[in-house]
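Please read it beside the model.

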Amino acid sequence: MRLLTGNDLPTGDVVWWTGTGWSRHVEDAADVGAEGEGILRTEEGARRVNVPYLIDAIATHEGPRPAHIKDRIRALGPTVRPDLTLKPADPSAGSWVI
């Protein structure tokens with residue numbers, strides 16, 4: 001199975017081709033098969049998605065599952081952990097910004 005993915009232009013969100021449009025949910029993704037390259041060129045040319053590309057996937061009872069770990073991580077959505085974000089400089093700790 002082949003899936004078409006990319007990033008939504010206005011938001012940067014990961015999106016998946018559904019057969020008729022784009023979804024933020026990999027479960028909605030449709031197998032593009034041999035038509036993938038044509039759909040990719042059309043969608044990129046229409047500026048509906050940023051840097052679309054084709055990936056391999058496996059059909060499961062829960063929907064498509066990207067074959068490569070990188071694409072499975074992308075499918076999970078944002079991975080930003082609040083506890084790992086930069087904290088403001090603390091002047092009492094001797095931290096400061098130039």
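## Salt bridges

A salt bridge is a side-chain nitrogen of Lys or Arg within 4 Å of a carboxyl oxygen of Asp or Glu. A search of the whole structure, which is a predicted model, finds six salt bridges. Local features need pLDDT of at least 70, side-chain atom pairs count only at pLDDT 80 or more, and totals for chains, interfaces and linings use all residues. Residues are numbered from 1 along each chain as its sequence is written, and side-chain values use heavy atoms, with hydrogens and water left out.

## Arg2 and Asp56

Arg2 and Asp56 form one of these bridges, at 2.8 Å from N to O. Arg2 lies in strand β1 (residues 2–8) and Asp56 in strand β4 (residues 49–60), so the pair ties together parts that are 54 residues apart in sequence. Strands here are DSSP runs of E with at least two residues; helices are runs of H or I with at least four; both are numbered from the N terminus.

Arg2 is partly exposed at 28%. Asp56 is partly exposed at 43%.

## Arg24 and Asp13

The closest N and O atoms of Arg24 and Asp13 are 2.6 Å apart in their salt bridge. Arg24 sits in the loop between β3 (22–23) and α1 (36–45), and Asp13 in the loop between β1 and β2 (14–17), so the pair ties together parts that are eleven residues apart in sequence. Arg24 is partly exposed at 44%. Asp13 is partly exposed at 31%.

## Glu43 and Arg48

Glu43 and Arg48 meet in a salt bridge at 2.9 Å, N to O. Glu43 is buried, at 5% relative accessibility. Arg48 is partly exposed at 44%. Elsewhere, salt bridges that share partners join Asp8, Asp13 and Arg24 into one network.

## The largest pocket

A pocket is an open set of points where a 1.4 Å probe fits, on a 1 Å grid over the protein atoms alone, with protein on both sides within 12 Å along at least five of seven lines; lining residues have an atom within 4 Å of a point. The largest pocket holds about 220 Å³ of space, the volume being the space filled by probe spheres set on the points, which are joined across faces, edges and corners.

β5 (63–66) and α2 (69–76) each supply at least two lining residues. β5 gives the most, with four. The lining includes Val26, Glu27, Thr60, Arg72 and Leu76.

Note on methods:
Buried means under 20% relative accessible area, exposed over 50%, partly exposed in between (1.4 Å probe, protein chains only).
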